[in-house]
Amino acid sequence: MKRITKGIIAIILLASIAIGSYYLIQVYLPYRAEQQRMLEQEQKELVKTYQDISYPNKSLGQVSLSHYNTEEIAELLKKEISPYQQSIATIQINDDTLTYSMKDLGQRIFYRCSDKREFEAGEEQKLAEYIVAMDKDRSLSEQYDIIQGDIDAMPLQVSIQCECDEKALTKVIQNLSKTYDKPVQNSRINKKYKILPAKAGCVLDTEEIAKGLRTYLNRQTTNDYSAAYETSKVEPEWYPEDLKKVNTLVARYTTKFTNNTARGYNIRLAATRLNGICLLPGESVSFLDTLYDKSDKKSYKKSAAYFKGKVVQAEGGGICQVSTTAYHTFLLAGIIPEKRYPHSMPVGYAKLGLDAALSVGGKDLVIKNTLDAPLLILAEAKDGTLAVAIQSYSNALKGYTYKPRAKKISNLEAESFLDVYKGKKKEKTIALSHDTYQKKSS
């Protein structure tokens, strides 16, 4: 009996398994497949409707960009950036009112995304397409869940940024300076020995203007900008009555040259270009710039000059005698040059160590007026004598006298000094230079 019962149970179990397998294969699995197919179809259709629509979590400042299509997002972007672009900056200078657009000031207005990407103003369509495309590379089921709100979309915050274009701002500031800065004109003596009048100038605080504009152009606001400034008057330091006191000869030195030669012509022309230069205290003169100033429309002749150890024929040959004579004259006035170079080889018109060479693009003699008074350079080349003199106040040297000297070490080497005297007493000696020359090539 027990055996029969067990057999029946086994048969029932086998039958159940067979029925279950049949149901699984013939009914349940096809049903599940159909359900999955229907779900995927539903997902496809829903996701397709968002093909040109942005997913959630997208915003421009406080303005949501979610669930908008590309064209709508582009329009929103343009609307939000427009007040920044239409802002104006108004600057009042004295009685003038100057108005600048953001374009005038070269301001860069752009979009910055929280994922570090940037888009320029005018690239709204490109940015809109970027926003809409976000999360579209995720799986179908993930995009479906995003739409259903079951999972979060990738967040993106877009902000409008403003930056100052330093190059454009500099141009604006330079134009303001050009318009409103009027240089002060100190009285001085011109080439015809006429004393020129002094004239006050004015200056605009362009640094303060640039600072204010720079802060504004880097702003994150749509407010307009306004500021007011006044130019400041700048009084001259030197007036005609000061220049009238430039009436005393304080130093003079002469050298000899052969008059009726091309070299003599060059020395005479160079002397006329140097003659009559007025230097106020602190002002400098470059002998290269001065002696090669062709505003008189004259040209030097070719004459002997030094070049790489050889004597060659060069335009302006001989004018170094003018710079050398002037160098000695300024030393007699206690004025040590800012720049001075020796010749490559010894010269016949000056001791070793007391010459001053000129070479276009290279050697220059630069003199700065270190006196407390204006000075006038006088230069004349006549009848074979070149004279350079300095005229200034009667007390310009304050009782000091100066004597330049050179110590010859060899035929091609020398040291130079400036001895300083107060009355008959030598107070000190200033070392000037240690110069080495080369032999002339045969």
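The legends below describe close-up views of a predicted model.

**View 1. The four-stranded sheet S11-S18-S17-S12.** The sheet is open, and its four strands pair in the antiparallel sense in the order S11-S18-S17-S12. Strands S11 and S12 (277-279) stand at the edges with a single partner strand each, so one side of each has no neighbour in the sheet. From one strand to the next the twist averages 20°.

**View 2. Strand S18 and its two partners.** S18 covers residues 385-392, and seven of its eight residues are buried. Eight bridges link S18 to strand S11 (residues 248-256), in the antiparallel sense; in this pairing Thr-248 stands opposite Ser-392. With strand S17 (residues 375-382), S18 pairs over seven bridges, again antiparallel, and Ala-379 stands opposite Val-388.

**View 3. The S17-S18 hairpin turn.** Two residues lie between S17 and S18 in this hairpin. Asp-383, in the turn, has a positive phi of about 55°.

View 4. S12 and S17 run antiparallel and are joined by three bridges, with Ile-277 opposite Ile-377 of S17. Helix H8 (residues 262-274) lies across S12, S17 and S18, and runs at about 160° to S17. Helix H10 (residues 320-332) also packs on the sheet, where it touches S11, S17 and S18. The direction of H10 makes about 145° with that of S11.

View 5. H2 comprises 16 residues (residues 70-85). At the N-terminal end, Asn-69 caps the helix: a side-chain oxygen of Asn-69 lies 3.2 Å from the backbone nitrogen of Glu-71. Thr-70, Ile-73, Ala-74, Leu-76, Leu-77, Ile-81 and Tyr-84 are the buried residues of H2. These buried residues pack against strands S1 (58-60), S2 (63-64), S5 (108-113) and S7 (156-163), and against helix H3 (124-133).

View 6. Zero disulfides are found in a search of the whole structure. The closest cysteine sulfur to that of Cys-164 belongs to Cys-162 and is 11 Å away, too far for a bond; the cut-off for a disulfide is 2.5 Å. Cys-164 counts as buried because its relative accessibility is 14%, under the limit of 20%. Cys-320 is also buried, with a relative accessible area of 14%.

Note on methods: Residues are numbered from 1 along each chain as its sequence is written. This is a predicted model: local features need pLDDT of at least 70, side-chain atom pairs count only at pLDDT 80 or more; totals for chains, interfaces and linings use all residues. Side-chain values use heavy atoms; hydrogens and water are left out. Buried means under 20% relative accessible area, exposed over 50%, partly exposed in between (1.4 Å probe, protein chains only). The expected span of a helix is 1.5 Å times one less than its number of residues. Contact means heavy atoms within 4.5 Å. A polar contact is a pair of N or O atoms within 3.5 Å; within protein, one must be able to donate a hydrogen and the other to accept it, and residues adjacent in sequence count only if both atoms are side-chain atoms. Two strands pair if DSSP finds at least two bridges between them. Axes are lines fitted to C-alpha atoms, for helices over the stretch in contact, and angles run from 0 to 180 degrees between N-to-C directions.
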